[in-house]
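Here is a short tour for anyone who likes to read a model with the viewer open. We start at one residue and then step out to where the chains meet.

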2 protein chains.
Amino acid sequence: MANKPSIPKGTRDFGPSEMARRNYIFDTIRAAFRLFGYTPIETPAMENLSTLMGKYGDEGDKLLFRILNSGDYLKDAPDSLLETKDSLALSSKISEKGLRYDLTVPFARFVVQNRNDIHLPFKRCQIQPVWRADRPQKGRYREFYQCDADVVGSDSLWNEVELLQLIDYVFKCLKIRVNIKLNNRKILTGIAELIGESDRIIDITVAIDKIEKIGVDKVKEELLGKGIGEEALEKLMPFLELKGDNKEKIARLKEVLKTSEIGLKGVEEIEWVVGHFDSLGHECGLEVDVSLARGLNYYTGTIIEVKALDVEIGSITGGGRYDNLTGVFGMPGLSGVGISFGADRIYDVLNQLELYPEAIEESVKVLFLNFGEKEAAEAIKLVKELRLKGISAELYPDSAKLKKQMAYADSLHVPYVAMIGESELENREVNLKNMLTGNQYKIAFSQMSNQKFS
Amino acid sequence: MANKPSIPKGTRDFGPSEMARRNYIFDTIRAAFRLFGYTPIETPAMENLSTLMGKYGDEGDKLLFRILNSGDYLKDAPDSLLETKDSLALSSKISEKGLRYDLTVPFARFVVQNRNDIHLPFKRCQIQPVWRADRPQKGRYREFYQCDADVVGSDSLWNEVELLQLIDYVFKCLKIRVNIKLNNRKILTGIAELIGESDRIIDITVAIDKIEKIGVDKVKEELLGKGIGEEALEKLMPFLELKGDNKEKIARLKEVLKTSEIGLKGVEEIEWVVGHFDSLGHECGLEVDVSLARGLNYYTGTIIEVKALDVEIGSITGGGRYDNLTGVFGMPGLSGVGISFGADRIYDVLNQLELYPEAIEESVKVLFLNFGEKEAAEAIKLVKELRLKGISAELYPDSAKLKKQMAYADSLHVPYVAMIGESELENREVNLKNMLTGNQYKIAFSQMSNQKFS
């Protein structure tokens, strides 16, 4: 029994000082969601596997944490699967539930299940942990938080503009300098159409993405190696060599995609979004990037990705428009667009840049030291008075040695220490010490709750 | 694929209006925790089963949700268990992790694991969901929140007094009238010692608990039926007939327990706690109740239970002192005391009594209707200005029919609707409607963000 305890790999405990930092992030995002009119929902940690399976690709299915059925779960399991030790096939017989893998699929399920109670368009936000049985590594955890904001039931591009503003606002509040990359799935479809390689979008975008690192020539080489023909490659060149600011890129895209209806539609959409977002003003960078290809399985329009400028780390926020997410749950034709803030990566960025405001570590404002029962009985009355005024306060519970009590005060960064010893008790006054300045002064019991504790 | 989706039984979705109500509860409790100097921690949803097993009794072990190991989990499972379909024995071979069952055991594990970073006494709070594979029924869920506050590393009874104050404070804030029942495990031990039935404490307390309902005679009958002898029963009578206010009860207990050292110690402790709590003043009821026997497996001193006065529902908060919780993790001798607010039952109480403050349903303050792109482009600028002033605002994303947009405003209980049509655009003014009073008036664009939106 007395083994040193541990927690599952890829999971974390958060102590008081980590919580203070994390709550700063969550509170900032939550306040922004509210300011922008996104209303919160929560869904259960466990979903039926029928809800989760097949939504994240084969790889995703493997990363689901499955819950073992309760009771005699083997009773009805087919003997054949047990004999052959077929783990994969057996798991669907002995587990019906899994931990949620993201917040988007549970949200789609929520919308369909509660369709009669929801008024469209529905702007929802959701801040909850998700679980993935991924190999843990730096910056990748098996339990982490997502902070999602989505709008369903409206295909207006104003939603895209608002989500970009939300990103700009949140990172401005957090003082993280970021660059937003913007693409549109329709542009990618147009490119593939144009070069006659509609089923090779992913190869192509992966290659485009490498241009900055390895140069155009190497990229061409790579694509030839993957079986993209010379002619197709020639047609791809303008996209590989896309340069200039957003306006120039958009103008060039219009030109080279002029024979692709869907491609042009994508360019028009991105132009509209960039134009309105720019005219509202923003602090973050915004870059049209046709190599951005996240979420190709489900995004049908806008694609968004956010990178921190001052830290080498993957995307810290991402999202896009999906035209038919609720379709798999029997409710077709509902367009949605949303973004997800990666709270754990944002946490890593803030830690690395030390961008937390001062005094973020919450603690009690006033700690009353304990000099014995009679003194403590008076102190606890003042503690109560302070609390009723909204000032956090506490009594050290034991009449321990002064040194020990002061060490406790230090460990909590308590700004004010209040002492009521024998003589103070007699004079009905408190000996108050400002721990920052070192100043010490006496205050009558009756005046204590009128003090300003800054 | 197109089945109507559902969620696992015993779990719940929370939509915007339920979230508003639940957040009111959590925010109230969280603010109280902070005011009283309890610092937050969080632990992972998944714990190693070695941490969880054996801590909640055999019944509790059965109620743990187990996570199926990832990958080829059957590979090393013994053939014999598969052949005999021994679910119970197999589960320890194919699952190593479980969902946390409460917050107390993970807290104990946390303290031991982080012993070098923790300064004692450690006052921690924790608000997180827990999971139990219990049979779902009214008021009992498979996923529910606990809100715990504990102090470890101090055996001072001031901690008990503070926790009682915390209970009083939280329920005063929530406007729920409650009665706190207080007992001490040492009194129960003393009673059992006195009547020579040390191993029958539970039978005895269960019986005492029924007196109000079925009367003394029936209780005696029941105890005789359970094999408690006539002589023992005679000695038990004073406890069965304990009457009067707390002072009278305490005086009587002192008398009848005078030959039991541990019993007297329990009475002294309860007297001390009641005395100091009373002298500080409180709004809740406080009742010494020797039949209170919750958590007998681990509580070693004070036992606390809270009942709502105006709703028939089980305990809505409970707790007590445990002298050796971290012992099972290899860290003996650390005393702790804590309480747990049952957020889901409190939610049920508030719903039943309709005790929520008005205007708890958050929504945007100002909704701008959408009369087309040009008008919307001006509206979105004002939306941005309002948000920068901290006023939540949004633009209806589509230029839909007025009726549809107003229905949306109604569904969200938006207090102000702002309209910029063609003529307003020309005059650079907003047509603002107060949805509560029905008043409608014009405001210049430039004055919009200086308005008071109460």
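## A loop residue in chain A

A:Val311 sits in the loop that links strand S9 (302–308) to strand S10 (317–322) of chain A; strands here are DSSP runs of E, at least two residues, and helices are runs of H or I, at least four, both numbered from the N terminus. With 6% relative accessibility, A:Val311 counts as buried (under 20% relative accessible area, with exposed over 50% and partly exposed in between; 1.4 Å probe, protein chains only).

Leaving aside residues up to four places away in sequence, A:Val311 touches A:Val349, A:Gln352 and A:Leu353 (contact means heavy atoms within 4.5 Å). A:Gly139 is 172 residues from A:Val311 in sequence, and their C-alpha atoms are 13 Å apart.

## How the model is read

This is a predicted model, in which local features need pLDDT of at least 70 and side-chain atom pairs pLDDT 80 or more, while totals for chains, interfaces and linings use all residues. Residues are numbered from 1 along each chain as its sequence is written, chains are lettered from A and ligands numbered from 1 in the order written, and side-chain values use heavy atoms, without hydrogens and water.

## Where chains A and B meet

Chain A brings 108 residues to the contact and chain B brings 107. Together they bury about 9300 Å², with 59% of it on carbon and sulfur atoms (accessible area, 1.4 Å probe, that two parts lose on being put together, summed over both). On the chain A side, A:Lys85, A:Trp158 and A:Arg387 lose the most area to chain B, together 8% of what that side buries.

Eight salt bridges are counted between the chains (a side-chain nitrogen of Lys or Arg within 4 Å of a carboxyl oxygen of Asp or Glu). A:Asp13 and B:Arg109 form a salt bridge, at 2.5 Å from N to O.
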